[in-house]
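I open this notebook to keep track of what I look up, one topic at a time.

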Amino acid sequence: MLCLVYYSYLHYLVSFMSEQHKSDPIYKQISEVETAVAQVLEKAKKLGATSAEAAMSSTSGLSVTTRLGEVETIEFNQDGALGISVYVGNKKGSASTADLSSKALDLVVSKAIEIAKYTSEDPYNGLADRNLLEFSPRDLDLFHPWQVTPEEGIDFCKQAEDAALNADERIVNSDGASFSSHQGLRVYGNSHGFMGGFPRTRHSLSCMVIGQEAEQMERDSAYTTSRIGNQLKIASEVGLEAAKETLAKLNSRKLKTGKMPVVFRADIASSLFGHLVSAIGGGALYRKSSFLLDSLGKPIFSELVNVEEKPHILQGMASSPFDSEGVKTQDRIILNNGELQTYLLASYAARKLDMTPTGHAGGIHNWLVQSTDGDLAKLLKTMGTGLFVTELMGQGVNVLTGDYSRGAAGFWVENGKIAYPVAEITISGTLQNIFKGLVAVGNDIDMRGSIRTGSLIIEEMQVAGN
């Protein structure tokens, strides 16, 4: 009963806040953009397009950077563009414009039609099927505008830097602090009669500092991000976290080359699932450039790994009622006991693979990796002795073969306790073995991105050092 009361209240609160924001000028802007999108779709029809789709994204906001208390940049930006794709039979033409005047819109449609005449026939071209579109999108409470002045942004940055620089005498310099507050919108429409758009906000604060002990210097950073301004971490906390991360890396050593268990800290653990996203994306699959071809329904991770997608989390950083083709998003099981349950398909790739679109045109929507163990301290204790990775460098990942090799830094762990920092090492293996060797997921979940996961234990990886 208490649960029902809580969710009823939450629904009421979201509805109330949404109504408050409806007076914001951005909703008038959305209406104007919808009019422009409707105009280009109608123009395309008159010029002979079999079907057409158009979208416009717009972003505006404030960005501030400081270094050592001095303002380096203050930027106000407002940009956006409208793009249209027209289909003349199976031929496709695309064009875009940042000018929304009637004359400019007529011109961009004409150019798209002209381009289509010169393209090759492709039977897989076309809009998403009408019955897959989301004609009744829900409000996911993604829009929380924050009227921040440049002076306030500068003050946030200075607070973060000051806290970091005063944390310890070994913090000797700063690479700066950055604050941003942006709001944006995206409207998409097509000749199936679909027209949808919604606004969203994103606010963030980061700080990076440099530490020195004896002859060794290290740098590290911290950041916070949210849809809602007052849910950011306090600026001084961000600075103190940056200082703590930097100080922990001082007096680092190399490791002896060998095979050992590895813990990926939560904030970088998401990168492993990011490689999964690339490997099961429709483009990689129909081009046969993925190591996970023909893997649907097969075990690709250890059986303890479960991942679900929840696109409709209120205020979620990757929440969306529909994808960039208007296809409705829905809860999905990605991995069930290690078995792959779905590919990630936009309409074109789905037709190439003779499958159904999954609502992933434009990306994924809030992946939740199920925890299997306790906090980070518990994971390190479970690992016992091995490498704890807190930073990855380089791009040595091949999604075609699964080969994995990246520079890394972190800590050597003995008997479940951090012994000393390590640097200038390389970790390597194959994604096939890394996925199968994932033996624990912590509950220290990083909520700041599209993939929510805790720290991970990989049973064994090759580590190259001395």
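My entries below go from confidence to a sheet and then to a pocket.

Entry 1, ground rules. I am reading a predicted model, in which local features need pLDDT of at least 70 and side-chain atom pairs count only at pLDDT 80 or more, while totals for chains, interfaces and linings use all residues. Residues are numbered from 1 along each chain as its sequence is written, and side-chain values use heavy atoms, with hydrogens and water left out.

Over residues 1-18 the pLDDT stays under 50, and where pLDDT is low, the predicted coordinates should not be read in detail.

I looked up strands (DSSP runs of E, at least two residues, numbered from the N terminus) and their pairing (at least two DSSP bridges between two strands). Five of them form an open sheet of mixed pairing, in the order β10-β9-β8-β11-β16, and its edge strands, β10 (339-340) and β16 (451-452), each pair on one side only. Strand β11 (residues 367-369) runs parallel to β16 and is joined to β16 by two bridges, with Leu368 opposite Arg452 of β16.

Entry 4, the pocket lining. Which strand gives the most to the lining of the largest pocket? I found that β6 does, with five residues. The lining residues divide into 13 nonpolar, four polar (Gly among them by the convention used) and 14 charged (Asp, Glu, Lys and Arg).

Conventions
pLDDT is the predictor's confidence in each residue, from 0 to 100. Contact means heavy atoms within 4.5 Å.
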